[in-house]
Amino acid sequence: MHVRDQTIYALSSGRPPGAIAIVRVSGPQVPAALVALAGKLPAPRMATRALLRDADGQPIDDAMVLYFPKPASATGEDVAEFHVHGGRAVLASLLDSLSAMENVRAAEPGEFTRRAFEHGKLDLTEAEGLDDLIHADTDRQRRQALRQLKGLLGEKARDWRARIIEAQALIEAGIDFSDESDVPSEVTTPALQKVETLLGEIQAVLAARGRSERLREGLIVAIAGPPNVGKSTLMNHLARREVAIVSPHAGTTRDIIEVQLDLDGFPVTVIDTAGIRETDDPVEQEGVRRARARAAEADLVLWLTEGDGVEAPQEGSAPLWLIRNKIDLEGPHEQTLGGAKTFAISARRGDGLGELMSALVEFAEAYFGVAEGALIARVRQRELLEQAAASLEQSIFAVNQGEELAAEELRSAAFALGRLLGQVDVEDILDVIFREFCIGK
């Protein structure tokens, strides 16, 4: 039996022990599994209390069971849910009983969602949104993932693809069926009008301000600077807990320390790096090398100094903010660094940290540019939309060189959107031709 025809099961709730655990089962053996375990097939979509028993007739648990017959289920297959008490022994007995059944096996990672996709319950963008929603750590990540799960991008992509196929059908009808009396003699002009409108819509989505797809990974902020200027103290304050060792001795931080923050709904990874200086200590040298490399990859660098001295910062294209620390000891100073944004703080006492945090939130808002209408959530989605837009643009220029070239570019655009949705069907074009031009009569 093919793996896709086998019945799968998995624990769909949190790790035991817990008050309640949910085990999901999907596949053709679901009715038989329900009868074997619960003694009968419950009414569809109704929670039913049942005493579950193993193959030897021994009780497993007093549970609630639900049955969702295909195709009206989450995966498009027969689905069952067993709501049992969340003890390890209960779960072990239930899972052992399921695994002992013929053609029933443990699910692979993501297999329930994959089966839902294969049965047309959701497209690829919605599947990605579901994964993002499960892994969302902040409120803004949750809201973006929910937009994806609602299918907003997929809805637009399906509409764009259908209109591309209509334009392609017009051009190909003009090429292949120009002698048919019911095929319009002039089809290129309306086809190009469709393509130009489509191109404008896709380009508008691509040109939307911000990097909404980066919201999944988060913003990377590196705290860098010379040794013993308070980088670890600032790190601990931002994290609101002791994550880095604070010491008056230079070179305490030898490696990179990272902490994930929820900054007004934006996911931010803050990095505390080793103090950058010349040293003969091979361990500290490696820490300095890693600090320079990690800061160069950051989206924003907070360069800490104290007093009036400003050391040359590391190389990198990320914006750099100058943070002068220990103002409680030094007193106020004016300081600039090539027009860089500057702050004066006391990481120990907390002076100026409110202004720094507010500026970080503003930076994140400007960086991500996440509005309620943001559609692109992954780099894959942006790249495929860029491919589709490029092919549409090429199709407009290719018309003068021949309708065949324009049709090929439109095929490429439709294919890119098909990949975006996970649905690529080469028969779509013929369907449109036959339906609209009655060629098969």
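How many residues does the hairpin use to join S1 to S2? Six residues make the link. The model is predicted, so to speak of local features requires pLDDT of at least 70, side-chain atom pairs count only at pLDDT 80 or more, and totals for chains, interfaces and linings use all residues. Residues are numbered from 1 along each chain as its sequence is written, and side-chain values use heavy atoms, with hydrogens and water left out.

Start with the sheet. It is open and holds six strands in the order S3-S4-S5-S2-S1-S6, with mixed pairing. Strands here are DSSP runs of E, at least two residues long, and helices are runs of H or I, at least four residues long; both are numbered from the N terminus. Two strands pair if DSSP finds at least two bridges between them. Strand S3 (48-53) and strand S6 (104-106) are the edges, each pairing on one side only. On average, neighbouring strands of this sheet are turned by 30° against each other, direction ignored. Axes are lines fitted to C-alpha atoms, for helices over the stretch in contact, and angles run from 0 to 180 degrees between N-to-C directions.

Now follow S1. Strand S1 (residues 7-11) pairs with strand S2 (residues 18-26) in the antiparallel sense, over four bridges. Ile8 faces Ser26 in S2. Leu11 stands opposite Val23, also in S2. S1 also runs parallel to S6, joined by three bridges. Ile8 has Arg105 as its bridge partner in S6.

Helix H3 (residues 111-118) lies across S1, S2 and S6. Its direction is at about 135° to S1. Contact means heavy atoms within 4.5 Å.
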